[in-house]
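Me: Hi! I'm about to open a structure that is new to me. Could you walk me through it?

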Amino acid sequence: MASKNRIDVHQHVVPPVWADALPSHGGDPSGWQGPTWSPERAIAFMDSQQIATGVLSLTAPGVQGWRGQSRLDMARQVNEYTAGLVAKHPTRFGNFATVPLPDIDGTLKVIEHSLDTLNADGLVLLSNYDGQYLGDPTFETVWAELNRRKAVVFIHPAKPKIDAIPGMPGPVLDYPFDTTRTAVQMVLNGVIARNPDVRIILSHAGGFLPYASHRFAKLAPGVRKDVPTTEEILKQLQTYYFDVALSSSLAALPTLTAFAKKGHIMYGSDYPYAPVEVSASFARQLDAYTAQSEDEHAAINSTNALALFPRLARQERDELFKTRNAA
């Protein structure tokens, strides 16, 4: 059931200007080793995994190590570099633009520039910014603007403000935990209810959100009087989209597919931060999952993503039109 035209919504860009400067701006606090990357390597990887398009995003820690105007400047450099890749390879790459949060004014400027000038496909947000999670009232203005624009937002985990366990870098354990933290907080603090037109993709099958969703929904109303009912919490949690990066094992897929709404699961590889063979092994497990029909496999691999990204959908229609005319 392997797809020849996967849309990879969880693939990373490593701009040289960012990678070269990162060590002098705090490095990567997660403890993960930076990979070797180039556009050519990325395309070769995509060809090996039947990936038609990779929607590129900057991984954590993003531009958090920069301060003041330099943070805004680095975000713009990253976004312009990635937009250049999309311009050069419009069918192979997409762009989730990086924002300089917690700088609210700078972020609003970057949203405008990225969506209106660079024609980015969406924005990437980290699960927390120096310990502030995305459901914090600090970010309300940003969510309102993203909602006004009906933006697609990809949430990538960041290291939580706790010490990593020795021998267990953040991406091994802490990242799924942090995604879960921010996703549940956004529901309980009303962000999802107030901003229904933002389409939010959670990394790595939402951390452990699908698995523990009913626990969250039943316990929260007992400790807070300002949250929705259990049924409404579950309904709002199901508004999220989910990628299957590192999460398409035979242990994870049954829970994810049982929880997520139809059309809300998409392919992701986590390249290049996940080793190639690790990404490939999860793709093989996804393709071998016999509990889904051929149409359901196609939906996860491409058609669900095409519904979120008009530019990619137009390109696919154009390619199909050219193929039919050539025949």
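Reply: Happy to! This is a predicted model, where local features need pLDDT of at least 70, side-chain atom pairs count only at pLDDT 80 or more, and totals for chains, interfaces and linings use all residues. Residues are numbered from 1 along each chain as its sequence is written, and side-chain values use heavy atoms, with hydrogens and water left out.

Me: Thanks! How many helices and strands does the protein have?
Reply: There are 13 helices and 10 strands. Both are DSSP runs numbered from the N terminus: helices are H or I with at least four residues, strands are E with at least two.

Me: What is the radius of gyration of the protein?
Reply: It is 19 Å, which agrees with the value near 20 Å that a compact globule of 327 residues would have. The radius is taken over C-alpha atoms, and the globule rule is 2.2 Å times the number of residues to the power 0.38.

Me: And what box do the C-alpha atoms fill?
Reply: Roughly 65 × 45 × 45 Å, taken along the principal axes.

Me: How much of the protein counts as buried?
Reply: Of the 327 residues, 54% do. Buried means under 20% relative accessible area, exposed over 50%, and partly exposed in between, with a 1.4 Å probe and protein chains only.

Me: Switching to the sheet: in what order do the strands come?
Reply: 8 strands form an open sheet in the order 1-2-3-4-7-8-9-10, with parallel pairing. Strand 1 (6–12) and strand 10 (265–266) stand at the edges with a single partner strand each, so one side of each has no neighbour in the sheet. Two strands pair if DSSP finds at least two bridges between them.

Me: How many bridges join strand 7 to strand 8?
Reply: 4 bridges join strand 7 (residues 152–156) to strand 8 (residues 199–202). Phe154 stands opposite Ile201 in strand 8, and Ile155 has Leu202 as its bridge partner there.

Me: Which residue in strand 9 is the bridge partner of Leu202?
Reply: That's Phe242. Strand 8 and strand 9 (residues 241–243) are joined by 2 bridges and run parallel.

Me: New topic: where is Val17?
Reply: Val17 lies in helix 1 (residues 16–21). It counts as partly exposed because its relative accessibility is 35%.

Me: What does Val17 touch?
Reply: Leaving aside residues up to four places away in sequence, Val17 touches Met74 and Gln77. A contact means heavy atoms within 4.5 Å.
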